[in-house]
Amino acid sequence: MLGAFGIFCFVYPFAILLLSFDWMPFGMEWMSSLLLAMLGVASWAWLVVNFGRGGLLAGATVFVLGLTLEYVGVSTGVPFGQYRYTGVLVPELPGGLPLAIGFAWLLIVVSGLFTAQQLLSRLAPKGWIIGLLGATLAVGLDLLLEPVAYHIKGYWQWLEPSGSYYGVPWSNFATWFVAAFLMNLGVYSLLGQHPNLKWNWLPSALYGMNVVMFGLVNLTHGFWVAGTVALVLIGVMAVSLLKRR
């Protein structure tokens, strides 16, 4: 867990520079897939460290369900909208689906859910309330990812660009919210709520670092709405951190 997180921390400043200024060397596109894998492994390992077999099962469930939903989406255009992967992310599973996307689901769902638990820790809310906030945070991170992955890096293409969010259908974000919320409920049904977790800062660190990174990349490329979303998310996390002190 800490090894994967350490690798991410090491490449983090370089990733920001490479993405912000389009300096990715030719033939090094596989680094994006490796980075996603490291983030997903760190999230999954954190679940296992804290919840044992339950965490292993919860992580596997998010991983498999995320890939399954993406496979249905690529094959049918439902429920995200019409899109396809371009082959930049490797390796590819049958149907042109990158394995790295399963790790992306792990990162976004796990970091969003347990960041929400941290933000609401003083209120002792019910699991479904944490699940709602976790789903909202997941969508917030996806709002930052989409312009970068679609317009800057070309990881995937929307075949029928529509909507007003940089050509990404609003159905994509609605699907992310519903899927993340249901996965959050599933994770809580498997694990329950545990206030005392080892390295409880890790999910929030993963979430916050990705918000900062993709927020900066969006701003350097003129995606001001996405950059504003990043600032709002950073502000919410900062205010929550200050209140806990």
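Trainee: How many helices and strands are there in the chain?
Mentor: The model is a predicted one. Read along the sequence, its elements follow the pattern α-α-α-β-β-β-α-α-β-α-α-α. That gives eight helices and four strands.

Trainee: What radius of gyration does the chain have, and what would a compact globule have?
Mentor: The C-alpha trace spans about 45 × 35 × 35 Å along its principal axes. A compact globule with 245 residues would have a radius of gyration near 18 Å, and the chain agrees with that, because its own value is 17 Å.

Trainee: What percentage of the contacts with a separation of 6 or more comes from residues 24 or more positions apart?
Mentor: Burial first: 52% of the 245 residues of the chain count as buried. Among contacts in the chain with a separation of 6 or more, the share from residues 24 or more positions apart is 74%.

Trainee: Which residues lie nearest the centre of the largest pocket?
Mentor: The pocket has a volume of about 630 Å³. Its lining counts 38 residues. Those nearest the centre are Ser-32, Leu-35, Leu-36, Tyr-155 and Phe-214.

Trainee: Which helices and strands each supply at least two residues of that lining?
Mentor: Two strands are on the list, β1 (83–85) and β4 (156–158). The helices on it are α1 (2–21), α2 (30–51), α4 (100–119), α5 (127–152), α6 (170–191) and α7 (202–220).

Trainee: How many residues in the lining of the largest pocket are nonpolar?
Mentor: Sorted by class, the lining has three polar and three charged residues. The nonpolar class has 32.

Trainee: What geometry does the aromatic pair of Phe-80 and Tyr-83 have?
Mentor: A search of the whole structure finds 19 aromatic pairs. In the pair of Phe-80 and Tyr-83, the ring centres are 5.8 Å apart and the planes make an angle of 80°. Planes over 60 degrees apart count as edge-to-face, and the pair of Phe-80 and Tyr-83 is therefore classed as edge-to-face.

Trainee: Are Phe-80 and Tyr-83 buried or exposed?
Mentor: The cut-off for buried is under 20% relative accessible area. Phe-80 has 1%, and Tyr-83 has 4%. Phe-80 is therefore buried, and Tyr-83 likewise counts as buried.

Trainee: Tyr-165 and Tyr-166 also form an aromatic pair; how far apart are the centres?
Mentor: This pair is edge-to-face, with 70° between the planes. Tyr-165 counts as buried at 5% relative accessibility, whereas Tyr-166 counts as partly exposed at 22%. Centre to centre, the rings of Tyr-165 and Tyr-166 are separated by 4.8 Å.

Trainee: Which residues do ring pairs link into a cluster?
Mentor: Phe-80 and Tyr-83, already seen as an edge-to-face pair, belong to it. The cluster consists of Phe-80, Tyr-83, Tyr-85, Tyr-155, Trp-156 and Trp-158.

Trainee: Where is Tyr-166 found, and what is its phi?
Mentor: Most residues other than glycine have a negative phi. Tyr-166 is found in the loop between β4 and α6. Its phi is positive, near 55°.

Trainee: What is the phi of Trp-199?
Mentor: Trp-199 is placed in the loop between α6 and α7. With 36% relative accessibility, Trp-199 counts as partly exposed. Its phi is again a positive value in a residue other than glycine, near 50°.

Trainee: Which peptide bond is cis with omega near 5°, and which one has omega of about -5°?
Mentor: Most peptide bonds are trans. Pro-79 is found in the loop between α3 (53–76) and β1, and Pro-91 in the loop between β1 and β2 (92–93). The cis bond with omega near 5° runs from Val-78 to Pro-79, and the one with omega about -5° joins Val-90 and Pro-91.

Trainee: Which residues does Asn-184 touch, not counting those up to four places away in sequence?
Mentor: Asn-184 is in helix α6. It is buried, with a relative accessible area of 0%. Its contacts are Val-109, Leu-113, Gly-131, Gly-134 and Ala-135.

Trainee: How far apart are the C-alpha atoms of Ala-149 and Leu-191?
Mentor: Ala-149 is in helix α5 and is buried at 4% relative accessible area. Beyond four places in sequence, Ala-149 touches Gly-154, Tyr-155 and Trp-156. Leu-191 is 42 residues from Ala-149 along the chain, and their C-alpha atoms are separated by 32 Å.

Notes. Residues are numbered from 1 along each chain as its sequence is written. This is a predicted model: local features need pLDDT of at least 70, side-chain atom pairs count only at pLDDT 80 or more; totals for chains, interfaces and linings use all residues. Side-chain values use heavy atoms; hydrogens and water are left out. On a 1 Å grid over the protein atoms alone, a cavity is a set of points where a 1.4 Å probe fits but cannot get out, and a pocket is an open set with protein on both sides within 12 Å along at least five of seven lines; lining residues have an atom within 4 Å of a point. Grid points are joined across faces, edges and corners, and a volume is the space filled by probe spheres set on the points. Ala, Val, Leu, Ile, Met, Phe, Trp, Tyr, Cys and Pro count as nonpolar, Asp, Glu, Lys and Arg as charged, and the others, Gly among them, as polar. Rings of Phe, Tyr and Trp (its six-membered ring) pair if their centres lie within 6.5 Å; planes under 30 degrees apart count as stacked, over 60 as edge-to-face and the rest as tilted. Buried means under 20% relative accessible area, exposed over 50%, partly exposed in between (1.4 Å probe, protein chains only). The radius of gyration is taken over C-alpha atoms; the globule rule is 2.2 Å times the number of residues to the power 0.38. Contact means heavy atoms within 4.5 Å.
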